[in-house]
Amino acid sequence: RYLRTLYLGLQSRWQAEHRRRHFYWRMMFESADISMLRLLETFLKSAPQLVLQLSIMVQQNSIDPLQGLSASASLVSLAWMIASYQKVLRDSREDKMPMSYKGAVVQILWHLFTIAARAIAFALFASVFQLYFGIFIVTHWCIMTFWIIQGETDFCMSKWEEIIYNMVVGIIYIFCWFNVKEGRSRYRMCIYYIITLSENAALTVLWFLYYNRETTSDFNALILVCVVSSSFALGIFFMFIYSCLCHPNGPMFGPQAGGCIFRQQPAPAPASPTDAVTSPPRSLPRTTGGERDGAPGERDSCVPVFQVRPCAPPAPAARAPRTEGPVIRIDLPRKKYPAWDAHFIDRRLRKTILALEYASPTTPRLQYRTAGAPQEVLEYETTV
């Protein structure tokens, strides 16, 4: 995948002018795919190792320098990958404002302290109740997985692949919040952190009541309890800082920036055809609820996994003229068909788009049936 990203980047430099943008966006989405896979790999490997190392430190009541360095590296890698993926994903979407480096740093601190509190609470409880800790982890993972499945994500191309993907994301939900659905995320995030706070408090209190007082003094035990509570409080503090001051859509109490989804598209110039988002083709994302009714997005919604929405560019006049290419006309309103039927339709579109990409020098366009004028949108075909 790294080699393919490098190849697409070189092609965006070497190709003719009308093809450069096509390869550039394919490179950006390939980079987002890589970041997603690295994120899953990090939580499947570094997160369990972090809890194991912290649990050994608590049982031995000592910290080896190399062991402490390894645990710190695992913790930083978890927070770094979440912020890195969110930034790369926003950079790869024209309908979202890019995340600034200041916002990325604040998001790293947000996840760093919340994951640290979560991992320390896990390690404290696991050092005393090994069996019950395993039962707790499996139960929490099952509840989070069912919660994600109920949200009807649309990352994969088949029902069972989607369920497997939701099970993997459920592992991330054991340690931190990770948005996988477009739309309002404020209430879902509040529910998640209320559950997390309750679990951290319960695990830490149970450990404090039953820890081995021969190896750990009361003063050290009190310090560990304070570390868990203060770390979680700092994480929530930086979460509010990010949401209120560093969000890409603008401050919560100030003027909002553009880039939100489902904004009203301006009328095209009389001399030019209907414009479209200049992104490479992609399989169609599903929408439910308010999105099917045309509800606008909110500023507090985080970027979910690989969903591209039509959005008006900030400066249409500065864009290069579009080269006409093949048009795939769909005799259905966009995203009005049932959720699981979308997998069948998307697979047929995927094959058609791939065939037209190699047969035509220009990117194919998708045109849906609408009540008014035809609405065209270019969608990216993800490689995952």
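# Reading salt bridges, spans and confidence

Tutor: R118 and E199 form a salt bridge, with the closest N and O atoms 2.5 Å apart. A salt bridge here is a side-chain nitrogen of Lys or Arg within 4 Å of a carboxyl oxygen of Asp or Glu. R118 lies in helix α4 (residues 101-126) and E199 in helix α7 (residues 186-210), so the pair ties together parts that are 81 residues apart in sequence. The model is predicted: local features need pLDDT of at least 70, side-chain atom pairs count only at pLDDT 80 or more, and totals for chains, interfaces and linings use all residues. Residues are numbered from 1 along each chain as its sequence is written, and side-chain values use heavy atoms, with hydrogens and water left out.

Student: Are R118 and E199 buried or exposed?

Tutor: Buried means under 20% relative accessible area, exposed over 50%, and partly exposed in between (1.4 Å probe, protein chains only). R118 is buried, and E199 is buried too.

Student: How many salt bridges does a search of the whole structure find?

Tutor: The search finds six. One of them joins R1 to E30, with 3.3 Å between the closest N and O atoms. R1 lies in the segment before α1 (2-14) and E30 in helix α2 (residues 17-60), so this pair ties together parts that are 29 residues apart in sequence. Helices are DSSP runs of H or I with at least four residues, strands are runs of E with at least two, and both are numbered from the N terminus.

Student: Which residue does R4 meet in a salt bridge?

Tutor: R4 meets E30, at 3.7 Å from N to O. Here R4 lies in helix α1 and E30 in helix α2, so the pair ties together parts that are 26 residues apart in sequence. E30 is buried, at 2% relative accessible area. R1 is partly exposed at 40%, and R4 is partly exposed at 33%.

Student: Which spans does UniProt annotate as "transmembrane region"?

Tutor: UniProt positions follow the numbering used here, feature names are shortened, and annotations may be inferred rather than shown by experiment. The unreviewed entry gives residues 104-125, 131-151, 163-180, 192-210 and 222-242. In the model, residues 104-125 are 100% helix and 0% strand, with end C-alpha atoms 32 Å apart. Residues 222-242 are also 100% helix and 0% strand, and their end C-alpha atoms lie 30 Å apart.

Student: Where is F208, and is it buried or partly exposed?

Tutor: F208 is in helix α7. Its relative accessibility is 30%, which counts as partly exposed.

Student: What pLDDT does the protein chain average?

Tutor: pLDDT is the predictor's confidence in each residue, from 0 to 100. The protein chain averages 74, and 66% of the residues score at least 70. Among its elements, α4 has the highest mean pLDDT (93) and strand β3 (residues 375-377) the lowest (47).

Student: Where does the pLDDT fall below 50?

Tutor: One such stretch is residues 256-322, which has 194 contacts beyond near neighbours in sequence. A contact means heavy atoms within 4.5 Å. Over residues 374-384 the pLDDT also stays under 50, and the model has 67 contacts for them beyond four places in sequence.
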